[in-house]
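Welcome to this guided tour. Please open your viewer, show the chain as a cartoon, and keep the selection tool at hand.

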Amino acid sequence: MAQANKQRRPDWAALVIAAGLMALALLVAWDASRLGAGGAYARIGPQTIPYAIAICLAGLAVWTIIAAYRHDFPEREQQDFPPVLWIVGGLIAQMALIKYAGFSIATGVLFAMTARGMGKVSLPLALLSGILISAFVWFVFARLLQLTLPAGPPEHLLTQGYELITAPFKAAPGSAT
């Protein structure tokens, strides 16, 4: 009897996911309805792709509802909360630090806390590795691609070092190039 009762119940986690997908589909469709329709001569305007995405999301929501009632989802393992808390804590720390400490330090803290959550125990080594990797990523985005990312002490050192290295190769003001 307990097995038959379990088979009749839908997968509630899947239904929550379906509700989220449907809410997202409705939000995208509502936002697309606020866009201009484009010129009268154009069949495809700025609303087309958002509407297509909303339809796909709604279709996924319906598919998820059907799968929830058919029990098509695999049995989930019990959630281990400490790793999740380390990762969420890292995200919160990054958001709190990025404006004041810069991209490299904030993202390095996120990297270290995520590594700790995944089982890496050497937090100082993970922090140093994260800061170095993040500084390289900052340099690529900020200096080479000319995108704006928050700068802190490591980024200022990188910028000064870059200027020192490239200064001899820059043309002097007023000279012919």
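Among contacts in the protein chain between residues at least 6 apart in sequence, what percentage join residues at least 24 apart? The figure is 55%, where contact means heavy atoms within 4.5 Å.

Before you click further, please note that this is a predicted model, in which local features need pLDDT of at least 70 and side-chain atom pairs count only at pLDDT 80 or more, while totals for chains, interfaces and linings use all residues. Residues are numbered from 1 along each chain as its sequence is written, and side-chain values use heavy atoms, leaving out hydrogens and water.

**Stop 1: the whole chain**

Colour the chain by secondary structure. You will find seven helices and zero strands, so the pattern along the sequence reads α-α-α-α-α-α-α; here helices (H or I, at least four residues) and strands (E, at least two) are DSSP runs, numbered from the N terminus. Of the 177 residues, 24% count as buried. Buried means under 20% relative accessible area, exposed means over 50%, and partly exposed is in between, using a 1.4 Å probe and protein chains only.

**Stop 2: helix H3**

Select residues 48–70, which make up helix H3.

Show what surrounds threonine 64. Leaving aside neighbours within four places in sequence, threonine 64 is in contact with Ala14, Ile17, Ala18, Leu21 and Phe73. For isoleucine 55, try the distance tool on alanine 29: the two C-alpha atoms are separated by 8.2 Å, although the residues are 26 apart along the chain.

Next, move to histidine 71, in the loop between H3 and H4. Histidine 71 has a positive phi of about 60° although it is not a glycine. With 29% relative accessibility, histidine 71 counts as partly exposed.

**Stop 3: H4 beside H5**

Select residues 81–101 for helix H4 and residues 103–117 for helix H5. At what angle do H4 and H5 pack? The angle is about 175°, and the axes are 7 Å apart. Axes are lines fitted to C-alpha atoms, for helices over the stretch in contact, and angles run from 0 to 180 degrees between N-to-C directions.

Show side chains where H4 and H5 meet. On the H4 side, the residues in contact include Trp86, Leu91 and Leu97, and on the H5 side they include Phe103, Leu110 and Met113. By class, this contact has 14 nonpolar, six polar and one charged residues. Ala, Val, Leu, Ile, Met, Phe, Trp, Tyr, Cys and Pro count as nonpolar, Asp, Glu, Lys and Arg as charged, and the others, Gly among them, as polar.

Stay with H5 for a moment. H5 is mostly covered, with 11 of its 15 residues buried; among them are Ser104, Gly108 and Ala112. The cover over these buried residues includes H4, H6 and H7.

**Stop 4**

Select helix H6, residues 123–144. Its 22 residues should span 32 Å at 1.5 Å a residue, and its end C-alpha atoms are 30 Å apart, which agrees; the expected span is 1.5 Å times one less than the number of residues. The buried residues of H6, including Gly130, Trp138 and Phe139, pack against H5 and helix H7 (153–166).

Phenylalanine 139 lies in H6 and tyrosine 162 in H7, so the pair ties together parts 23 residues apart in sequence. Phenylalanine 139 is buried at 17% relative accessibility, whereas tyrosine 162 is partly exposed at 27%.

**Last stop: glutamine 146**

Finish in the loop between H6 and H7, where you will find glutamine 146. Glutamine 146 has a positive phi of about 60° although it is not a glycine, and at 61% relative accessibility it counts as exposed.
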